[in-house]
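Here is a friendly walk through one model, to read with the structure open beside you. Please keep the viewer at hand and follow along strand by strand.

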Amino acid sequence: MAEKLNFTVDLEDGVFVARCIELDISTDGLTKSEAVENLKEALNCYFANPDERLDRRLSGNDEASESL
C-alpha cells in the first residue's frame, strides 16, 4: 500500500529546497521542479532497501547517523 508523504518547497538563498516533512529528507535544485525531482530520487533511494536499513539500526550500525 502506498503511503502519502507531505513536502514543502521554499526558495532559500537563490535555490529551491524541497523537504519531506515526515522523514526529514531535504534536497535542492535551481528550479522548483528540479528540487521536487531530486526529492523523489532521494525518497526512492531511502525506500530502496528498508529491511537492510532496519537491520543496521537495530544492530546499532546505522552508517547514516554515524556520518553526520
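Two strands pair if DSSP finds at least two bridges between them. Helices (H or I, at least four residues) and strands (E, at least two) are DSSP runs, numbered from the N terminus. What you see is a predicted model, in which local features need pLDDT of at least 70 and side-chain atom pairs count only at pLDDT 80 or more, while totals for chains, interfaces and linings use all residues. Residues are numbered from 1 along each chain as its sequence is written, and side-chain values use heavy atoms, with hydrogens and water left out.

**The strands**

Let's begin with β1 and β2, which run antiparallel and are joined by 6 bridges. Within this pairing, T8 stands opposite R19 of β2, and V9 faces A18 of β2. The two strands make a hairpin with 2 residues between them, and D13 in the turn has a positive phi of about 50°. G14 also belongs to the loop that links β1 (7-12) with β2 (15-20). From the C-alpha atom of G14 to that of T31 the separation is 9.4 Å, with the two residues 17 apart along the chain.

Next come β2 and β3, again antiparallel, with 5 bridges between them. V17 has D28 of β3 as its bridge partner. This hairpin has 4 residues between the strands, and D24 takes a positive phi near 55°.

**How open are individual residues?**

Buried means under 20% relative accessible area, exposed over 50%, and partly exposed in between (1.4 Å probe, protein chains only).

| Residue | Relative accessibility | Class |
|---|---|---|
| G14 | 56% | exposed |
| T27 | 15% | buried |
| Y46 | 23% | partly exposed |
| F47 | 43% | partly exposed |

Helix α1 (residues 32-47) has 16 residues, which at 1.5 Å a residue should span 22 Å; its end C-alpha atoms are 23 Å apart, which agrees. The expected span is 1.5 Å times one less than the number of residues.

The buried residues of α1 are A35, V36, L39 and L43. They cover an arc of only 95° around the axis, which puts them on the same side of α1. That arc is taken from the directions from the helix axis to the C-beta atoms. An α-helix has 3.6 residues a turn, so residues three or four places apart point the same way. The cover over the buried residues of α1 includes β1, β2 and β3, whereas S33, E41, N44 and C45 are exposed on the other side of α1.

Terms used. Contact = heavy atoms within 4.5 Å.
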